Amino acid sequence: MTTKELTCVVCPAGCRLKVTLDGGKVVGVEGNTCARGKTYAESEITHPVRTLTSTVTIITKSGKKLLPVRTDKPIPRESLLEAMKIIRSVSANAPIKTGEIIVKDFIEAGTNLISCKDETV
């Protein structure tokens with residue numbers, strides 16, 4: 001059996017979690033003050049995911065700008081570098097609305113890269 005320590009990021013409490021593993025399987029979580037902490041610890045150990053935020057180039061009449069974007073669902077942490085390579089090659093044309101899909105099925109089917117800001121022509 002091995003143990004790993006994490007800080008929960010689900011709520012502002014920031015609980016220090018102690019996760020006990022048996023051969024890669026989570027067999028116990030201690031230190032969480034709510035059920036969300038246990039769920040977070042299990043996920044973080046077995047399949048960590050992150051919501052990716054970045055910027056892409058947007059082309060407007062006045063020139064090129066940066067448009068803030070994010071994934072609409074968390075993606076596997078191990079895919080972050082691949083995702084950033086894709087983002088570097090992406091550009092969009094104005095106008096764009098907040099929540100508009102910039103790249104459909106980004107990294108995984110059903111996960112999209114979306115705009116975080118309106119941008120007019």
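User: Is Cys 15 buried or exposed?
Analyst: In this predicted model, local features need pLDDT of at least 70, side-chain atom pairs count only at pLDDT 80 or more, and totals for chains, interfaces and linings use all residues. Residues are numbered from 1 along each chain as its sequence is written, and side-chain values use heavy atoms, with hydrogens and water left out. Buried means under 20% relative accessible area, exposed over 50%, and partly exposed in between, with a 1.4 Å probe and protein chains only. Because its relative accessibility is 12%, Cys 15 counts as buried.

User: How many disulfides does the structure hold?
Analyst: A disulfide is a pair of cysteine sulfur atoms within 2.5 Å. For Cys 11, the nearest cysteine sulfur is that of Cys 34, 4.8 Å away, and Cys 11 is in no disulfide. Cys 15 is in no disulfide either, and its nearest cysteine sulfur, that of Cys 11, is 5.7 Å away. The number of disulfides in the structure is 0.

User: Which residues touch the most other members of the largest nonpolar core?
Analyst: A nonpolar core is a set of buried Ala, Val, Leu, Ile, Met, Phe, Trp, Tyr and Cys residues joined through side-chain atoms within 4.5 Å. The largest one has 16 residues, and the elements giving two or more residues to it are β5, β6, α2 (80-88) and β9 (101-103). A second, separate core of 10 residues includes Leu 6, Cys 8, Cys 15 and Val 19. In the largest core, the residues asked for are Val 56, Leu 67, Ile 102, Phe 106 and Leu 113.

User: With which residues is Leu 113 in contact, leaving aside its neighbours within four places in sequence?
Analyst: Contact means heavy atoms within 4.5 Å. With the sequence neighbours within four places left aside, the partners of Leu 113 are Val 56, Val 69, Arg 70, Thr 71, Ile 87, Glu 100, Ile 101, Ile 102, Val 103 and Phe 106.

User: What is the bridge partner of Thr 20 in β3?
Analyst: Strand β2 (residues 16-22) is joined to β1 by 6 bridges, and Glu 5 has Lys 18 of β2 as its bridge partner. On the β3 side, 5 bridges join β2 to β3, and these strands run antiparallel. Their hairpin has 2 residues between the strands, and Gly 23 takes a positive phi near 65° there. The partner of Thr 20 is Gly 28.

User: What is the strand order in the open sheet of 5 strands?
Analyst: In this sheet β8 (91-93) and β9 stand at the edges. Strands β5 (residues 53-60) and β6 (residues 63-71) are antiparallel and joined by 8 bridges, while 3 bridges join β6 to β10 (residues 113-115). The pairing is mixed, and the order is β8-β5-β6-β10-β9.

User: Which residue of β6 stands opposite Ile 59?
Analyst: A hairpin joins β5 to β6 through 2 residues. Thr 53 stands opposite Arg 70 in β6. The residue opposite Ile 59 is Lys 64.

Definitions and conventions
Two strands pair if DSSP finds at least two bridges between them. Helices (H or I, at least four residues) and strands (E, at least two) are DSSP runs, numbered from the N terminus.
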